[in-house]
Amino acid sequence: MTDAEKGKDINMFALIPDDCNGVLDTDNIGYYTSEFPRTSYAIDLDTLHHSELINNILTDITKYTSVNTHGLSNQIKRLMISFHDSTPTKDVVAYFNIAGGGNKFVLDILRQKYGSDVYPKTEEYRGRKIEIYPLGKTANFLSVLSGDGYIVVSYHKNLIERVIDAVKDGSSLAKDTVFSKHQIKKSANYLTFYGRTGSFPLLADNKNVWSEFELHLNSDVLYLSGSMYEPDSCMHDTNLRLDNIRNVLSDSILIVSGREKVDSCITNAISQSRSSIFYHCLSNLSREASYIMVADMDKVVQNIDQYSPYVPEFICDNIELFRPFIISSQITEVDGGFSHIYVFTYKD
């Protein structure tokens, strides 16, 4: 048996199929569900909460664990969500690293939401038991895989089967040569998205490339920071792509590539002391960066075909939600790799 099957010092990435498109990872989903509503832009981004799985299960878990007298909130050590075939909203899998009692944990929450007559049927796949729960009077069913220290849930039984395959066959993200090489221990209260993409789409078209986007919130600004991970063989092509980006200066959109040009552009912006949000965002970028972009997202939406190569795909997929923001981003070469920062500043 593998460590993932035993639950021994479990690496949660050992449960996630290596063909997924992205992974959301947090050690405290309650922190973000409580902090997010306090931001000035919460009403504009509220649709981001409306994944069906998050609505039906994760939101209820947060509510349930916050009031449950048995302290179940202390049992959830970590939550991950993997994204698969990108269009259907149900093609996600949620993974919980818990202290124990996985089956009862799920059953308690489902019965609280759908009534006390919720009972699962059981199927077996490759020696593992999958429990399938009806979700009240809806047409949905929740498939659940439990192990020592974890539970895995999805609307699709075949996705749970792919999790079992990943564990049995060693085809998980923990075995991905690029992804696994860059995993480091996070500080408390983190929320990170890993995408099978470059820092922005124009930089990479290789499926072996991963980028990390760690979320930080304050009242008026949403930050995403992280690095791009790629095979050493791709570094030369990435540098060429970065060098060949054409500079853009149009109405409320600025794109500059090349360290000297970036330095000159930011220095000039600082010297002019303009009071607009746009120039404030530009002035806050690093003169050490190899590439910068500052844009009114409303203008990006109006010309999405032209500017989507410069914006992460998961942002473009929800592009209408970001209209109220100014985006300011930078790419910096660090220790032979590339780090990125995206700052979304609320305009109102």
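Guide: A strand is a DSSP run of type E with at least two residues, and strands are numbered from the N terminus. With that in mind, welcome to this predicted model. The protein has 12 helices and 15 strands, and Ser211 sits in strand S9.

Visitor: Why is Ser211 called buried?

Guide: Buried means under 20% relative accessible area. Ser211 has 0%, so the word applies. Across the protein, buried residues make up 49% of the 348 residues.

Visitor: What is in contact with Ser211, leaving aside neighbours within four places in sequence?

Guide: Contact asks for heavy atoms within 4.5 Å. Among the residues that pass for Ser211 are Phe193, Tyr194, Thr197, Ser199, Met228 and His340.

Visitor: What makes the approach of Ser211 to the backbone oxygen of Thr197 a polar contact?

Guide: The pair of N or O atoms has to be within 3.5 Å, with one able to donate a hydrogen and the other to accept it. A polar atom of the Ser211 side chain lies 2.8 Å from the backbone oxygen of Thr197, so this distance falls within the cut-off. The Ser211 side chain also has a polar atom 3.2 Å from the backbone nitrogen of Ser199.

Visitor: Where is the place of Ser199, and how do you know whether Ser199 is buried or exposed?

Guide: Ser199 belongs to the loop between strand S8 (191-195) and strand S9 (210-217). Its relative accessible area is 0%, so Ser199 is buried. The Ser199 side chain makes a polar contact of 2.7 Å with the side chain of His340. Apart from sequence neighbours within four places, the contacts of Ser199 include Ser211, Phe213, Pro312 and Tyr342.

Visitor: What makes Val178 buried?

Guide: The limit again is 20%. Val178 has a relative accessible area of 8%, so Val178 counts as buried. Val178 lies in the loop between helix H6 (157-169) and S8. Not counting residues up to four places away in sequence, Val178 touches Asn208, Trp210, Tyr229, Glu230 and Pro231. Take Trp210: 32 residues separate Val178 from Trp210 along the chain, yet their C-alpha atoms are 7.5 Å apart.

Visitor: How do you know that Ser154 is buried, and what does the side chain of Ser154 reach?

Guide: Relative accessibility is 0% for Ser154, so Ser154 is buried. This residue is in strand S7 (residues 150-154). The Ser154 side chain reaches the backbone nitrogen of His156 at 3.1 Å. Beyond neighbours within four places in sequence, the contacts of Ser154 include Val92, Val93, Phe141 and Leu159.

Visitor: What makes a group of residues a nonpolar core?

Guide: The members must be buried, be of nonpolar types such as Val, Ile, Met or Phe, and be joined through side-chain atoms within 4.5 Å. The largest nonpolar core here has 58 residues, and Ile255, Tyr291, Met297, Val300 and Phe344 have the most contacts inside it. Leaving aside neighbours within four places in sequence, Met297 is in contact with several residues, including Ile315, Phe322 and Phe344. A second, separate core of 26 residues includes Met80, Val93, Val152 and Leu159. In soluble globular proteins, nonpolar side chains tend to be buried together.

Visitor: Why is Arg126 called partly exposed?

Guide: Partly exposed covers values between the 20% limit for buried and the 50% limit for exposed. Arg126 has 38%, so Arg126 falls between them. Ser252, with 24%, is partly exposed too.

Visitor: What is the phi of Arg126 near?

Guide: Phi of Arg126 is near 50°, a positive value in a residue other than glycine. Most residues other than glycine have a negative phi. Ser252 also has a positive phi, near 65°. Arg126 is in the loop between strand S4 (121-125) and strand S5 (128-134), while Ser252 is in the loop between strand S11 (248-250) and strand S12 (253-257).

Visitor: Which residues are the closest to the centre of the second largest pocket?

Guide: The second largest pocket has a volume of about 300 Å³. Of its 17 lining residues, His182, Met228, Tyr229, Glu230 and Gly337 are the closest to the centre. Strand S10 (221-229) and strand S15 (337-346) each give two or more residues to this lining. The lining divides into 7 nonpolar, 6 polar and 4 charged residues. Gly counts as polar, so Gly337, which lines this pocket, is in the polar group.

Conventions: Residues numbered from 1 in each chain as written. Predicted model: local features only at pLDDT ≥ 70, side-chain atom pairs only at ≥ 80, totals over all residues. Heavy atoms only, no water. Buried < 20%, exposed > 50% of the residue type's maximum accessible area, 1.4 Å probe, protein only. Helix = DSSP H or I, 4+ residues; strand = E, 2+ residues; numbered from the N terminus. 1 Å grid on protein atoms, 1.4 Å probe; cavity = no way out; pocket = protein on both sides within 12 Å on 5 of 7 lines; lining within 4 Å. Points joined across faces, edges and corners; volume = space filled by probe spheres on them.
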